[in-house]
Amino acid sequence: MPCDDITEWVELRLNAEDCLNDYSVTKRTCGAEIGNQSFLLELFRGESLVDIMAVEPQALLEQVQVDNETDEFLALKHLFALQETLSSFIGNTSAAPE
């Protein structure tokens, strides 16, 4: 039976200099991964919040291996999830569930 909850849980681990160490994106109640739960980690590990937030979608797609539309969708989904979470972390947007 599929899960009806479409909300996502984004977990970030930053170092003392506010650079990304690790992250994951999962469906909150179902616990299902959204593709690979850390799809962009190798690209963004060690990058600053500012640098990650400045990445444009097209620039990302030029840097990651996308073999099909699903990979492209997942790469962009992870980028947007990271950027929104970081924006909330620094107080630019709300962290409320909606």
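This is a predicted model: local features need pLDDT of at least 70, side-chain atom pairs count only at pLDDT 80 or more; totals for chains, interfaces and linings use all residues.
**Helix H4**

I began with the length of H4. Its 21 residues should span 30 Å at 1.5 Å a residue, and the end C-alpha atoms are 30 Å apart, so the two agree. At the start of the helix I found a side-chain oxygen of Asn68 within 3.0 Å of the backbone nitrogen of Thr70. Past the other end comes Gly91, with a positive phi near 90 degrees.

Next I listed what H4 buries: among them are Asp71, Leu74, His78, Gln83 and Ser87. The buried residues of this helix pack against strand E1 (8–14), E2, H1, H2 and H3.

I checked two of these residues one by one. Leu74 sits in H4 and counts as buried because its relative accessibility is 13%. Leaving out neighbours within four places in sequence, I see Ser88 touching Thr93, Ser94 and Ala95.

**Core**

Which residues have the most contacts inside the largest nonpolar core? They are Tyr23, Leu40, Phe44 and Leu60, in a core of 18 residues. Strand E2 (20–27) and helices H1 (41–44), H2 (49–53), H3 (57–63) and H4 supply at least two residues each. H4 gives the most, with six. I then followed Leu40: beyond four places in sequence, its contacts are Tyr23, Leu60, Val64, Ala75, His78 and Leu79.

**Salt bridges**

I get four salt bridges in the structure. One of them pairs Lys77 with Glu8, with the closest N and O atoms 2.5 Å apart. Lys77 is in H4 and Glu8 in strand E1, so this pair ties together parts 69 residues apart in sequence. Both ends are partly exposed: Lys77 has a relative accessible area of 24%, and Glu8 has 30%.

Asp22 and Arg13 meet in another salt bridge, at 3.0 Å from N to O. Asp22 is partly exposed at 24%, as is Arg13 at 40%.

I also noted Glu42 with Arg45, where the closest N and O atoms are 3.1 Å apart. Here Glu42 counts as exposed at 64% relative accessibility, whereas Arg45 is partly exposed at 42%. Last item: shared partners join Glu11, Arg13 and Asp22 into one salt-bridge network.

Note on methods
Residues are numbered from 1 along each chain as its sequence is written. Side-chain values use heavy atoms; hydrogens and water are left out. Contact means heavy atoms within 4.5 Å. A nonpolar core is a set of buried Ala, Val, Leu, Ile, Met, Phe, Trp, Tyr and Cys residues joined through side-chain atoms within 4.5 Å. Buried means under 20% relative accessible area, exposed over 50%, partly exposed in between (1.4 Å probe, protein chains only). Helices (H or I, at least four residues) and strands (E, at least two) are DSSP runs, numbered from the N terminus. The expected span of a helix is 1.5 Å times one less than its number of residues. A polar contact is a pair of N or O atoms within 3.5 Å; within protein, one must be able to donate a hydrogen and the other to accept it, and residues adjacent in sequence count only if both atoms are side-chain atoms. A salt bridge is a side-chain nitrogen of Lys or Arg within 4 Å of a carboxyl oxygen of Asp or Glu.
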